[in-house]
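Let's walk through a protein model together, one step at a time. Keep the picture open beside you as you read.

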Amino acid sequence: MTVGRRYGRQQARRSGEPVETLLDDIRVVVTRKPIKNLYLRVKPPDGHLEISAPQRMADTTIRNFVRTRRSWIDEMRNRVQVAAAVGALGGDAPLPLAEKWTPERTRVAKRQMTAQLDALLPKWTAVVGKSPTSISLRAMKTRWGSCTPRTGRIRLNLELADIPEQFLEYVLVHELTHLHASGHGPQFQRLMSLYLPNWRQLRSELNKYVIF
Ligand SMILES: [Zn+2]
């Protein structure tokens, strides 16, 4: 691990000024802003990272965020660099973000999540007292999961395969709870607190992974 010296606490905490550093082998520009979540972008032409981070977020949280998403980041860096090179040659420079989920990667992620769900589902259907009619796993751009209470169908985002399992568990419990309550009102929140007392903490941690 290599963390640039300038990635110092004092400098990094100064709001508004971009602070450039090396995280492992990647050039990273961190800007502190009055925001709630961390945002990460892979920028052309070299595939460096631009991160907007909440003012109070610890440097270690940012480092861990980058490291837990490292395989995704490497893939995006590769694409950005290829696209930039193609553009430099006078061709189009498309960013094929939608192609992240290759058939192979989809297969691996589905196998992993299916194994995780084999363990999680019996436990949580017993706690919640409801079972889904089906669970489908697919890559989604804007949400971690969804549930149609009328049909009992639950969909979970394949991205959950890439982050700690506690978040798959949280999203599963969230969607199962929708089989009792369709919205996110008081009844939903009461049940979530009953099933998973630290759900609000998990939700806010999960929100830090929003990087699309
Ligand atoms: Zn919901």
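Predicted model: local features only at pLDDT ≥ 70, side-chain atom pairs only at ≥ 80, totals over all residues.

Now for the setting. The chain has 212 residues, and 23% of them count as buried. Seven helices and seven strands occur in the chain, and reading along the sequence gives the pattern α-β-β-β-β-α-α-α-β-β-β-α-α-α. If you take the contacts between residues at least 6 apart in sequence, 42% join residues at least 24 apart.

Is Leu156 buried or exposed? Leu156 is buried, because 23 other C-beta atoms lie within 10 Å, and a residue needs 20 or more to count as buried. Not counting residues up to four places away in sequence, Leu156 touches Met113, Ile135, Leu137, Gly145, Val171 and Leu172. Leu156 and Trp144 are 12 residues apart along the chain, yet their C-alpha atoms are separated by 6.1 Å.

Next, look at the sheet that E7 belongs to. Three strands form this open sheet in the order E5-E7-E6, with mixed pairing. E5 and strand E6 (145–148) stand at the edges; each has a single partner strand, so one side of each is left without a neighbour in the sheet. On average, and ignoring direction, neighbouring strands of this sheet are turned by 15 degrees against each other. E6 and E7 pair in the antiparallel sense over four bridges, and Gly145 stands opposite Leu156 in E7. H5 packs on the sheet, where it touches E6 and E7, and the direction of H5 makes about 20 degrees with that of E6.

Two packed helices are described by the angle between their axes and the distance between the axes. The axes of H4 and H5 come within 10 Å and cross at roughly 45 degrees, which means that H4 is oblique to H5. The crossing in which H4 passes H5 is right-handed. On the H4 side, the contact is made by Met113, Gln116, Leu120, Trp124, Thr125 and Val128. On the H5 side, the residues are Glu165, Leu168, Glu169, Leu172, Val173, Leu176 and Thr177.

Finally, let's visit a loop. Asp24 is found between strand E1 (19–23) and strand E2 (26–33). What is the phi of Asp24? Phi is near 55 degrees, a positive value in a residue other than glycine. Asp24 counts as exposed because Asp24 has 12 C-beta neighbours inside 10 Å, and exposed residues are those with 12 or fewer. Compare that with Leu156, which is buried with 23 other C-beta atoms within 10 Å.

Key: Residues numbered from 1 in each chain as written. Helix = DSSP H or I, 4+ residues; strand = E, 2+ residues; numbered from the N terminus. Contact = placed C-beta atoms within 7 Å. Pairing = 2+ DSSP bridges. Axes fitted to C-alpha atoms, helices over the stretch in contact; angles between N-to-C directions. Parallel < 35°, antiparallel > 145°, perpendicular 65-115°, else oblique. Left-handed = near helix turned anticlockwise from the far one by under 90°.
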